[in-house]
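User: I am new to this structure and would like to know what stands behind the terms used for it. Please take me through them one at a time.

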Amino acid sequence: MPCPVGLDGLFSLLPAAPPWHPGPEPALALLAWLALLFVWYCYRVGSGRAPVAPSEGQPGGGRPAPCQPPGAGRLHGGLRAYAKRYSWAGMGRLHKALRAPPSAGRGECPAIQSPTVFQLPELPSAPCFPRDAQRHDVELLERSHPSVLREYLGVVGATRGWTPGVCQRFYLYRQGVCQPPNCRACPRTYRTLTALRSFLGANRFGNACFSVLPPGTVLPGRYGPTNVRLRCHLGLKVPPGCELVVGGEPQCWAEGHCLLLDDSFLHTASHNGCPEDGPCVLFIVDLWHPNVAGAERQALDYIFAPGQ
């Protein structure tokens, strides 16, 4: 009787298997994974440079961030339109500003600085700035003090052009819009404005006006709309008893001299003098903050153009 064949002998009877060679499937899978990683990286880089959402109601746009204030979508749309027409270069701080409300991080206690409309991040801030911050414009306004005062005296009794209220104002520019009748009444003051290098003449944050504070008037604490401007006060008539407090720091007006303040800080003004002293009269001009770059100024003029 023949012996049964062992397992080794049994496998030796089977045909030999062909040698194994790796197929293309692992290489294709690796390439597909790398392609997906590249697409994800491009998306992250793009989303970091461009606003997330265009203006409200624009087709194909995303949803604004939940923390954004009303109107942020419109401002995003303005920035996107500006960048499409010009460039994204230098728009990093603007893009960051539009991703969060101006009062982000503010708790229940009132903040010492809280612009109500727009806040540019990473901007040096102080309640008041030295005259060197805008030396050319400050010196020009101070040299023009006599003519500005004369033209104020020429319009102070006018029945038209003055805004009603406790603190009356006579605007030459109001929210970036020229007031032609008032400018014609004050031609030398108007020429002085056109000679300023940093006047916000094409921006909704820009104003130029005579401001009259009667005796016994107290203006309560308030915040300005933005930190991208410095409000320049040229003293025309400053009787005793007038007081200005900006960011908790008392300041002094002086006739013929300019005071530069950031009115996005909490500020109050009062005239505690006697009626016989007459009103406190200032010429107020809004100038650019010196640390707002040229490209940012151009973009802000575009986004906050009058009538937008």
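Analyst: This is a predicted model. A place to begin is helix 8, whose buried residues pack against helix 5 (135–143), helix 6 (145–155), strand 3 (168–174), strand 5 (208–213) and strand 12 (280–288).

User: Which residues of helix 8 are buried?

Analyst: Thr-189, Thr-192 and Leu-193, in a helix that covers residues 187–195. Buried means under 20% relative accessible area, so each of these three falls under that cut-off.

User: Why are the buried residues of helix 8 said to line one face?

Analyst: Seen down the helix axis, they fall within an arc of 100 degrees, so they line one face of helix 8.

User: What makes a group of residues the largest nonpolar core, and which have the most contacts inside it?

Analyst: Such a core is a set of buried nonpolar residues joined through side-chain atoms within 4.5 Å. The largest one has 30 residues, and Phe-210, Leu-236 and Phe-283 have the most contacts inside it. Among the elements that each supply at least two residues of this core are strand 7 (229–237) and strand 10 (258–261).

User: What does Phe-283 touch?

Analyst: Leaving out residues up to four places away in sequence, its contacts include Thr-189 and Leu-193, along with Leu-141, Val-148, Phe-210 and Leu-236. Thr-189 and Leu-193 are also buried residues of helix 8.

User: How much of the protein is buried?

Analyst: Of its 308 residues, 42% are buried.

User: What share of contacts joins residues at least 24 apart in sequence?

Analyst: Among contacts between residues at least 6 apart, the share is 76%.

Definitions and conventions:
Residues numbered from 1 in each chain as written. Predicted model: local features only at pLDDT ≥ 70, side-chain atom pairs only at ≥ 80, totals over all residues. Heavy atoms only, no water. Buried < 20%, exposed > 50% of the residue type's maximum accessible area, 1.4 Å probe, protein only. Helix = DSSP H or I, 4+ residues; strand = E, 2+ residues; numbered from the N terminus. Arc of directions from axis to C-beta. Contact = heavy atoms within 4.5 Å.
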